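Please open the model in your viewer and keep the selection tool at hand, as this tour moves from one selection to the next.

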Amino acid sequence: MFLGIVGLLMIFLIVYLLISGKSNAMVIFVIVPIIAALLCGFAPAVIFEFLKKGVGTTMSTAVLFLFSIVYFGIMNDVGLFDPLIKFLVKRAGSNIVLITVATGVIATVAHLDGTTAGTMLITIPAMLPLYKKLHIRPVVLGCIISAAISIMNLVPWGGPTARTAIVTNTDVNALWQELIPLQGVGLVILMIFAAYMGVCEKRRGAGLNPTGKAAMLSEDEDEGSKDDNLSADDAAFMKRPKMIWFNGILTLVVIGLLCFTDIPLYGAFMFGLAIALIANFRTASEQARAIKMHAATALTMPMILLASGIFLGVLDKTGMMKAMAQMLIAIVPGFMGPHLQDVFGFFAVPIGMMLGTDSYFFGLLPLAIGVGQQFGVDPHNMAMAMLIGKNYGVMVTPHAATTFLACGLAGISIKELLKFCTPRLWVLSWFSLAAGVMLGLFHL
């Protein structure tokens, strides 16, 4: 019980500090878990082992950050995405709704392989320059992509569906076939949501005015929507208009490596970045200058990610994670027992934010099914409700690697992402749950 209480307090404190901006995320993820572990009576030597194991789980993604952010940053600077931006601006003009809907479509197609990191690595770099040009907040881009991932992630190879199939001992393909109609409805919800976000941004002043210049933004503009353009000297140095075709083919090769081979994601970007530097910049000093322009972002995000590994290590190895799952089950009032699947479905997003994917499916779900059966709740109903609701929390889990990948690529803070996306994605999860009930996937 004590471990569960400390674990919940630790998570609430971390989320509060992240959202309030009281301290840097790296500091939060290092100090708070260590203090929590000490309060639970673990010796420093034992805690260091927790840290070692936790950081090991995030190391490969941190390396991915280093190379992918620099790669796409350089591709943007050399002008790879300029033709796409000009084409879309010419076609859409000030039609912000068309841009946001197109974002949903691109993210949906990109997530056919079920790889969350790959979807962000394809969609964000392609659309972010256009968002900045039209003064659409980058956090909107992240939110629309998150919504697309949430519904497309129900495919068998996406992860959550496979985990649910393992826990319930059912065939993953059979489970997915039940979910296909929901995915169809979810895509309609996604397009409506993307259009709604476009309308909201248009009202804020995003888009182009008749002169072709960016419209003035409203006074409540978020920090993440401000341009971080290069200086005139750096921009002139970086532009490589004659290399667009080469850089485009190289980027397609990198994406192909991500989607169709077993090479580690960071390995694909290591290869791509090395070739890009050789092809676009002749001397070592020029290559170093190109890298240095993105060094701050490329270093900051991996540091935060490695620090979040400390949090994960403490949460898992101390037993806090299991204790929290048991507490969540224990605090449900008895009269709510027959409706336990509704409770966990409704609160799946915030619960998923606290526990993370593996803990949610392999820790909480089996417990919830077991307790639900005592009240006559069908295991299938419980599994479906918790699976459908949880998927919308994938991109707002503050200790997940993909959350920080989205922040790094879009140039937004974790504070912005959580404050903006969490309530919107939570509401979308309710719509998806309602659709699941109407389709007969589970019963109230």
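Begin by selecting Ser146, which touches Met395 and Leu425 when residues up to four places away in sequence are not counted, a contact being heavy atoms within 4.5 Å. Ser146 lies in helix H7, which spans residues 138-152, where helices (H or I, at least four residues) and strands (E, at least two) are DSSP runs numbered from the N terminus. With a relative accessible area of 1%, Ser146 is buried, a word that here means under 20% relative accessible area, with over 50% called exposed and the range in between partly exposed (1.4 Å probe, protein chains only).

Before going further, note that this is a predicted model, in which local features need pLDDT of at least 70 and side-chain atom pairs count only at pLDDT 80 or more, while totals for chains, interfaces and linings use all residues. Residues are numbered from 1 along each chain as its sequence is written, and side-chain values use heavy atoms, with hydrogens and water left out.

Now show the whole protein, which has 21 helices and zero strands. Of its 444 residues, 53% count as buried. Among contacts between residues at least 6 apart in sequence, 78% join residues at least 24 apart.

Next, select helix H1 (residues 2-20) together with helix H2 (residues 25-39), whose axes come within 10 Å and cross at roughly 165°; the axes are lines fitted to C-alpha atoms over the stretch in contact, and angles run from 0 to 180 degrees between N-to-C directions. H1 is therefore roughly antiparallel to H2, since angles over 145 degrees count as roughly antiparallel, under 35 as roughly parallel, 65 to 115 as roughly perpendicular and the rest as oblique. To see the contact, display the side chains of Phe2, Val6, Met10, Leu13, Ile14, Leu17 and Leu18 of H1, and of Ala25, Ile28, Phe29, Val32, Pro33, Ala36 and Leu39 of H2.

Move on to helix H20 (residues 401-410), which is mostly covered, as nine of its 10 residues are buried. The buried residues of H20 include Phe404, Leu405, Cys407 and Leu409. Just after H20, select Gly411, which takes a positive phi of about 70°.

Where does Gly205 sit in the chain? Gly205 is found in the loop between helix H9 (172-204) and helix H10 (232-238), and at 16% relative accessibility Gly205 counts as buried. To end the tour, select Leu134 as well: the C-alpha atoms of Gly205 and Leu134 are separated by 9.3 Å, although the two residues are 71 residues apart along the chain.
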